[in-house]
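Student: I would like to go through some of the labels used for this model and check what each one rests on.
Tutor: Then take them one at a time, setting each value against its cut-off.

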Amino acid sequence: MNILKGLFVTATDTDIGKTVISGALLAAIKNRGINVGALKPLASGCIRNDRGILEAEDATFLMKSLDFPESKRSEVNLMALEPALTPAVAAKVTGININMKNVIEHCYDVADKYEVVLVEGVGGITAPLVEEYLLADMIIEFNLPTILVATAGLGSINQVVLTYEYAKQRNINLVGIIINKYDENNAGILEESNIEYMKRLTNLPILGKFPLLESLDISSVQLAKIAEEYINVTEIINIMEMNK
């Protein structure tokens, strides 16, 4: 297999907003004239459409960020699981077999179509995808520079540092942190000190402080504009270029 070129996006936990950050990055990278693809290989908590077909809302947002047509859905999201559980458990309770070899091959096949590809994980870095195969194992297999999405609220220092230490133990290349749901106007000593400790205890750069979006019903152009304002898109593209 060829070297995968691009970026992996993970988070300290579920519901941190890594899909929003992934979509914002995709929109901005595309807006810079780069042919970028999106992958959400596995997704759980999916909803059936009016035809009874499971759809991942995360994949829908990534597709919208790139103005992808519906025909690209199976490319972006290979496996959609209904239970809102970690993929390993969601697949088990629904009697579905996740063949990780096929999942990995699919990701490489998709990546071959683009200059770079952004891969969005599920949950946190130790989320089980199948049996004892964790999200961390997928990141290691792809060997992509990885961004950690976090918030700056109570408990965030602990989540960030523990994720960082585990990633270091597994030789995962964490390249920076993006703070999501950040309210610049109302941030106080809690948020400021948490971010300062994240930097100090991990030596990772803060690559962005992204606001909580009032609505996700925005165009890819608007999303790209917001990303450029609040995320260091140039540095992230440089990181991806170094991995090519």
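Tutor: This is a predicted model. Start with Glu 131, which is exposed because its relative accessible area is 60% and exposed means over 50%.

Student: Where is Glu 131 found?
Tutor: Glu 131 sits in the loop between β8 (128-130) and β9 (133-134). Its phi is positive, about 50°, although Glu 131 is not a glycine.

Student: What makes Lys 181 partly exposed?
Tutor: The relative accessible area of Lys 181 is 39%. Buried means under 20% and exposed means over 50%, with partly exposed in between, so Lys 181 is partly exposed. Lys 181 belongs to the loop between β11 (174-179) and α8 (189-202). Lys 181 also has a positive phi, near 60°, in a residue other than glycine.

Student: Why does Ala 84 count as exposed?
Tutor: Ala 84 has 72% relative accessibility, and the cut-off for exposed is over 50%, so Ala 84 counts as exposed. Ala 84 is in the loop between β6 (79-80) and α4 (87-93).

Student: What separates the C-alpha atoms of Ala 84 and Gly 45?
Tutor: A distance of 3.7 Å separates them, while the two residues are 39 residues apart along the chain.

Student: How do you know whether Thr 10 is buried or exposed?
Tutor: Thr 10 has a relative accessible area of 1%. Buried means under 20%, so Thr 10 is buried. Thr 10 lies in strand β1 (residues 6-11).

Student: Which residues does Thr 10 touch, not counting residues up to four places away in sequence?
Tutor: Among them are Lys 18, Gly 123, Gly 124, Ile 125 and Leu 135. The list also includes Thr 146, Ile 147, Leu 148 and Val 149.

Student: Why does Lys 101 count as exposed?
Tutor: Its relative accessibility is 56%, and exposed means over 50%, so Lys 101 counts as exposed. Lys 101 is in helix α5 (residues 100-111).

Student: What makes the pairing of the side chains of Lys 101 and Glu 105 a polar contact?
Tutor: The contact between these side chains is at 2.6 Å, and a polar contact requires a pair of N or O atoms within 3.5 Å.

Student: Why are α5 and α6 called oblique to each other?
Tutor: α5 and helix α6 (residues 135-142) pack at an angle of about 45°, with their axes 12 Å apart. Roughly parallel needs an angle under 35 degrees, and roughly perpendicular needs 65 to 115. The two helices are therefore oblique to each other. Their crossing is right-handed.

Student: Which residues make the contact of α5 with α6?
Tutor: α5 contributes Met 100, Val 103, Ile 104, Cys 107 and Tyr 108, and α6 contributes Met 138, Glu 141 and Phe 142. By class, seven are nonpolar, none is polar and one is charged.

Student: How do you know how α1 is oriented to α9?
Tutor: The axes of helix α1 (residues 18-31) and helix α9 (residues 220-230) come within 8 Å and cross at roughly 95°. Angles of 65 to 115 degrees count as roughly perpendicular, so α1 is roughly perpendicular to α9.

Student: Which residues of α1 and α9 meet?
Tutor: Gly 23, Ala 24, Ala 27, Ala 28 and Asn 31 in α1 meet Ser 220, Leu 223, Ala 224, Ala 227 and Glu 228 in α9. This contact has six nonpolar, three polar and one charged residues.

Methods. Residues numbered from 1 in each chain as written. Predicted model: local features only at pLDDT ≥ 70, side-chain atom pairs only at ≥ 80, totals over all residues. Heavy atoms only, no water. Axes fitted to C-alpha atoms, helices over the stretch in contact; angles between N-to-C directions. Helix = DSSP H or I, 4+ residues; strand = E, 2+ residues; numbered from the N terminus. Parallel < 35°, antiparallel > 145°, perpendicular 65-115°, else oblique. Contact = heavy atoms within 4.5 Å. Nonpolar A, V, L, I, M, F, W, Y, C, P; charged D, E, K, R; others polar. Buried < 20%, exposed > 50% of the residue type's maximum accessible area, 1.4 Å probe, protein only. Polar contact = N/O pair within 3.5 Å; in protein donor to acceptor, adjacent residues only side chain to side chain. Left-handed = near helix turned anticlockwise from the far one by under 90°.
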